[in-house]
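Let's take a walk through this one together, a stop at a time. Have the sequence and the 3D view open as you read.

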Amino acid sequence: MTGNNDKNNIEKIYNEMILPMEKKFFFNKFYSCELAKDYFTVEEKASVLLVGPELTGKTSFVRKIIGQNYPGMRIGPGPKTDRFIMVTYGENDNAIPDNLPFGATKELQTAYLSECRRCCVDADVLKNLTIVDTTEILSDENFARDLAWFAEQVDVIILFFDPENVLISRDFRKSIEAMNSHEDKMRIIFNKTETMSRGEVLNAYRQIQFSVSKVLSQQEPPEIYRGSFGDDEKELKKDLMSLHNNIRKRKIDQLIKRAKNAKIHALLIIELGKGCPKLFGEVQFRIRNFEETWKEIYNKFNLGIRDFPQKKKMQEKLASWDFANFPCFSKKLNLLDDAIHQLEQCLTTSP
Ligand SMILES: Nc1nc2c(ncn2[C@@H]2O[C@H](COP(=O)(O)OP(=O)(O)OP(=O)(O)O)[C@@H](O)[C@H]2O)c(=O)[nH]1
Ligand SMILES: [Mg+2]
């Protein structure tokens, strides 16, 4: 993004129009935490998050892209990547444990993020692109929560597969679900295919597409690139390198999407909360029959079905939520419409 006024304006729209509504309706408990303080200014580069089971070649991919090792880098089969590592540009190669990624603060880390580290490498590619390497897929909740946070910050998410991991394990599925409000950012790399015939590769593609489509809601599965395979890899690298040209537009698009989700979330909560506490049983019934409830609500407010994020996750969270804590109505709901309108205007003007 360029131009301080432009950044300040977009930040103001978030802080004064979107964030208050997020807070009022506990958006962070259902979707993702508040955007980092410096979200609009700190990273002027595009960024990519690498996610996949152990030994699928995530760290090797970083090395291929930057053309060298990063400090503390570990490549299998023995040593594993043991935390989230943000690989970014710096004139002196070093690892900086206390300099957190994407403007995250210590408080955010204590409250929300596990240990992560920033590594600087003097590689030209990193002047325009930041890469987040991750551990193998872990089963604990913190891992999924961290992934969700990083998924919010980055521009592209690459899911890694190899012939041993064509089917999605339960934990990998949980990880993808944690990021599924960002499915439009996802791409797939299918690695270690050198010894496979064309037929075997195509067969594996079909299996991957099938298993991914069971987890994601969008009709088109993410594009698959064949790792360690000349043209595919070059094309992907070219795509990643061109991401930074569009960074302002993507950040605004993301914010519009967030404001729309916040609005739908607020409407849903208001509608469900109307029956509480007197009609508690009815509210629980409507949550159990979430599909129907959602249809009622989107017809009533004329919302696009495509705009509704993560039904199943929402249903689970609502089932254990105390509606007494929620406001039953909000006069300020139109703040979100105004924010969306103003952001759309920003898209039509240059910074
Ligand atoms: N044949 C082949 N081997 C690869 C490829 N990419 C990575 N490898 C090998 O796979 C092993 C694991 O690679 P890593 O890059 O450490 O995998 P990772 O996904 O980072 O592993 P974790 O950090 O443990 O999650 C290493 O021995 C690599 O040399 C590939 O495209 N083809
Ligand atoms: Mg690794």
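Before the first stop, a word on helix angles: an axis here is a line fitted to C-alpha atoms, for helices over the stretch in contact, and the angle between two axes runs from 0 to 180 degrees between N-to-C directions. Keep in mind, too, that this is a predicted model.

With that in hand, look at helix H9 (residues 247-273) and helix H13 (residues 334-348): they pack at an angle of about 165°, with their axes 9 Å apart. Because angles over 145 degrees count as roughly antiparallel, H9 is roughly antiparallel to H13. As for handedness, the crossing of H9 and H13 is left-handed.

Now on to the strands, starting with E2 (84-89). Is E2 largely enclosed or largely open? Of its 6 residues, 5 are buried, so the rest of the structure largely encloses E2. A residue is called buried when 20 or more other C-beta atoms lie within 10 Å of its own. E2 also has partners. With strand E4 (residues 116-121) it pairs in the parallel sense, over 6 bridges, while with strand E5 (residues 129-133) the pairing is antiparallel, over 3 bridges.

Most residues other than glycine have a negative phi, and most peptide bonds are trans. Against that background, check the bond that joins Gly76 and Pro77, which is cis, with omega at about 10°. Pro77 sits in the loop between helix H3 (58-66) and E2.

Leu55 is another one to look at: its phi is positive, about 60°, although it is not a glycine. You'll find Leu55 in the loop between strand E1 (46-51) and H3. It counts as partly exposed because it has 19 C-beta neighbours inside 10 Å. Lys192 also has a positive phi of about 60° without being a glycine. This time the place to look is the loop between strand E7 (186-190) and helix H7 (198-215). Lys192 has 18 C-beta neighbours inside 10 Å, so it counts as partly exposed.

Last stop: ligand 1. Which residues are closest to it? Ligand 1 is surrounded by 20 residues, and the closest are Gly57, Ser60, Gly76, Thr81 and Ser228. Sorted by class, the shell around ligand 1 holds 11 polar, 6 charged and 3 nonpolar residues.

Terms used: Residues are numbered from 1 along each chain as its sequence is written. Chains are lettered from A and ligands numbered from 1 in the order in which they are written. This is a predicted model: local features need pLDDT of at least 70, side-chain atom pairs count only at pLDDT 80 or more; totals for chains, interfaces and linings use all residues. Helices (H or I, at least four residues) and strands (E, at least two) are DSSP runs, numbered from the N terminus. A residue is buried if 20 or more other C-beta atoms lie within 10 Å of its own, exposed if 12 or fewer, and partly exposed in between; C-beta atoms are placed from the backbone. A residue is near a molecule or strand if its C-beta atom, placed from the backbone, lies within 6 Å of it. Ala, Val, Leu, Ile, Met, Phe, Trp, Tyr, Cys and Pro count as nonpolar, Asp, Glu, Lys and Arg as charged, and the others, Gly among them, as polar. Two strands pair if DSSP finds at least two bridges between them. Angles under 35 degrees count as roughly parallel, over 145 as roughly antiparallel, 65 to 115 as roughly perpendicular and the rest as oblique. A crossing is left-handed if the near helix is turned anticlockwise from the far one by less than a right angle, and right-handed if clockwise.
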